[in-house]
Amino acid sequence: NPLAATSAQSDQVAASEILLSATVLRFARDLGWGVTLPEEVDTDNSYEKGSFDGYVILQRLASAPDPGVALLSLAPKSLAYVLLKKALANLRQIRSNGGWSTISAGPTLRLADTSPRVQELRKLLVERGDLDAQYATGETFDAPLGDALTRYQRRLGLEPDGLFGAD
């Protein structure tokens, strides 16, 4: 029966359109309004919640010359969001390049120590942006390395003692 086949196809098209609409709305909401609720992450502050009207969004996308561009225009425009995306891209690049450097196990490193591990520490601090590349080589723990380590520790909220290791 040709009419039965057409009806089944119509039902399939309708189900696909509903699924696509729901997916687009979920993406639009997550993109423009966030995946997490800010008050769940930061209970000390209150955040304004923008309105989300799925019907208006679907109308805008349906009438746009390029729905993809219209959908991406829902992304936040704040500097914080731009910087967050940049940081995420940077971390993904680090991961694709094999990840952060690691430092071999061993005794605590301190000023004037000489060890191959000092070179590993230099590499890590250059990668993290705490040590200038001009100090990237050397197996002796010198003052520029100590300053960079202290900066790194302070930035991470650690006790800035200039020592690297368990002590």
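Guide: A pocket, as the word is used here, is an open set of grid points with protein on both sides within 12 Å along at least five of seven lines, and its lining residues are those that have an atom within 4 Å of a point. The model in view is a predicted one.

The largest pocket holds about 430 Å³ of space. Its lining consists of 12 residues. Those that lie nearest the centre of the pocket are Leu31, Gly34, Pro76, Tyr81 and Leu84.

Helix α1, which spans residues 2–33, and helix α5, which spans residues 79–96, each provide at least two residues of the lining. The most is given by α5, which contributes 5 residues to the lining of the largest pocket. Sorted by class, the lining comprises 7 nonpolar, 3 polar and 2 charged residues.

For a further view, consider a pair of helices, α6 (residues 116–127) and α7 (residues 143–155). Their axes come within 11 Å and cross at roughly 55 degrees. The two helices α6 and α7 are therefore oblique to each other. The crossing in which α6 passes α7 is left-handed. On the side of α6, the contact is made by Val118, Leu121, Arg122, Leu124 and Leu125, while α7 brings Leu145, Ala148, Leu149 and Tyr152. By class, the residues of this contact between α6 and α7 comprise 8 nonpolar, no polar and 1 charged.

Note on methods
Residues numbered from 1 in each chain as written. Predicted model: local features only at pLDDT ≥ 70, side-chain atom pairs only at ≥ 80, totals over all residues. Heavy atoms only, no water. 1 Å grid on protein atoms, 1.4 Å probe; cavity = no way out; pocket = protein on both sides within 12 Å on 5 of 7 lines; lining within 4 Å. Points joined across faces, edges and corners; volume = space filled by probe spheres on them. Helix = DSSP H or I, 4+ residues; strand = E, 2+ residues; numbered from the N terminus. Nonpolar A, V, L, I, M, F, W, Y, C, P; charged D, E, K, R; others polar. Axes fitted to C-alpha atoms, helices over the stretch in contact; angles between N-to-C directions. Parallel < 35°, antiparallel > 145°, perpendicular 65-115°, else oblique. Left-handed = near helix turned anticlockwise from the far one by under 90°. Contact = heavy atoms within 4.5 Å.
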